[in-house]
Amino acid sequence: MFSIPCIVLILLVLLYVHYYQTTVAENYESKTLLDLLESISESNIRMVKKCEQIPSIDCVYCIYMEDRRNYIESRFKNYELDNITYVKACTPLDLTLYDYETYSETLERTSPIYKLLTKFPVHLSYLACMYHAWKHNFKYVLIFEDDLLFTEPVSELIRISHSFATQNVGDVLYLGYCHLDCNVEAQPIDEDMVMLPYNVPIRCKHAMIHKMDYVGDFLKNHGKLKQRSDVHFEKYYRQNKIKRVICRKPFIFQNRLDLKSHNENTSHHLTICDF
């Protein structure tokens, strides 16, 4: 037999569940993913700085975790890259059960991201940058993550970024080392860049330039997150024939060996291809 305190506790739990299902959930009926991104961008992007060093790039975002803020600031200072718009990363504590259930498959047993609670907020952090840029009608933006290592001087970043934007040769440019088969037949653009075939998989997003023309449709038709963030991007790009450009010789690493991963990833360097 249950004791009276135990029965009272069970009743309180049942009342809370009922309240959540009938009241809290109803309050979210009109909420959309864009509403969630609006909320995240408003709270996590406090100071927007116009990019002045790189012609044709409207804004340089950097998504950071609190324990890496000093690291990435020192990297940019040593690299002599200024006017960074810092974006505080979203965490599982920032989200509700409703958010996870409605906009991701994190809690679905058959999902590749089942119980990997960091995957969804990491993805949202990136989407928040894209949403902010889309809302402000930016044309080209550069998005960094906070574990970067640069192997070429800032002059190369400026030159290649400006070249990508002014030549209007693609929708996204990968500046970093990625999961990529180095034997693919890429289409040469110039001495710095090549275009990937639509059917070739490439996975990474720690250093990317986005031409914003495609982003509105991407966000509006996002659906639930079913895989890791880089897989989601890759599948959308391949299915919608987004033009993906990569550097012949990428020059931005992820420093996973020193910093490890906050996102339940391995600590290996990604593929080094030289086209």
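1. Glu 234 counts as buried because its relative accessibility is 1%, buried meaning under 20% relative accessible area, exposed over 50% and partly exposed in between (1.4 Å probe, protein chains only). The side chain of Glu 234 meets that of Arg 238 in a salt bridge (2.5 Å, N to O), a term for a side-chain nitrogen of Lys or Arg within 4 Å of a carboxyl oxygen of Asp or Glu. Arg 238, at 33% relative accessibility, is partly exposed. Both residues belong to helix H8 and stand four residues apart, about one turn of the helix. Helices (H or I, at least four residues) and strands (E, at least two) are DSSP runs, numbered from the N terminus.

2. The model is predicted: local features need pLDDT of at least 70 and side-chain atom pairs count only at pLDDT 80 or more, while totals for chains, interfaces and linings use all residues. Residues are numbered from 1 along each chain as its sequence is written, and side-chain values use heavy atoms, with hydrogens and water left out.

3. How many salt bridges does the structure hold? There are 13. One of them joins the side chains of Glu 38 and Lys 135 (2.8 Å, N to O). Glu 38 lies in helix H2 (residues 33-44) and Lys 135 in helix H5, so this pair ties together parts that are 97 residues apart in sequence. Glu 38 is buried at 16% relative accessibility, whereas Lys 135 is partly exposed at 45%.

4. In helix H6 (residues 154-167), Arg 159 and Glu 156 lie three residues apart, about one turn of the helix. Their closest N and O atoms are 3.0 Å apart, in a salt bridge. Arg 159 is partly exposed, with a relative accessible area of 34%, and Glu 156 is likewise partly exposed, at 23%.

5. The second largest cavity holds about 40 Å³ of space. On a 1 Å grid over the protein atoms alone, a cavity is a set of points where a 1.4 Å probe fits but cannot get out; a pocket is an open set with protein on both sides within 12 Å along at least five of seven lines, and lining residues have an atom within 4 Å of a point. A volume is the space filled by probe spheres set on the points, which are joined across faces, edges and corners. Among the residues lining this cavity are Tyr 174, Arg 203, Asp 230 and Glu 234. Helix H8 gives the most to the lining, with four residues.

6. Helix H8 (residues 229-239) supplies the largest share of its lining, four residues.

7. Three cavities of 30 Å³ or more are found in the whole structure. Of the 11 residues that line it, the closest to its centre are Gly 176, Cys 178, Leu 180, Ile 246 and Pro 250.

8. Leu 117 is found in the loop between helix H4 (97-103) and helix H5 (119-135). At 40% relative accessibility, Leu 117 is partly exposed. By contrast, Phe 253, in strand S12 (residues 252-254), is buried at 15%. The C-alpha atoms of Phe 253 and Thr 151 are separated by 7.6 Å, although these residues are 102 apart along the chain.
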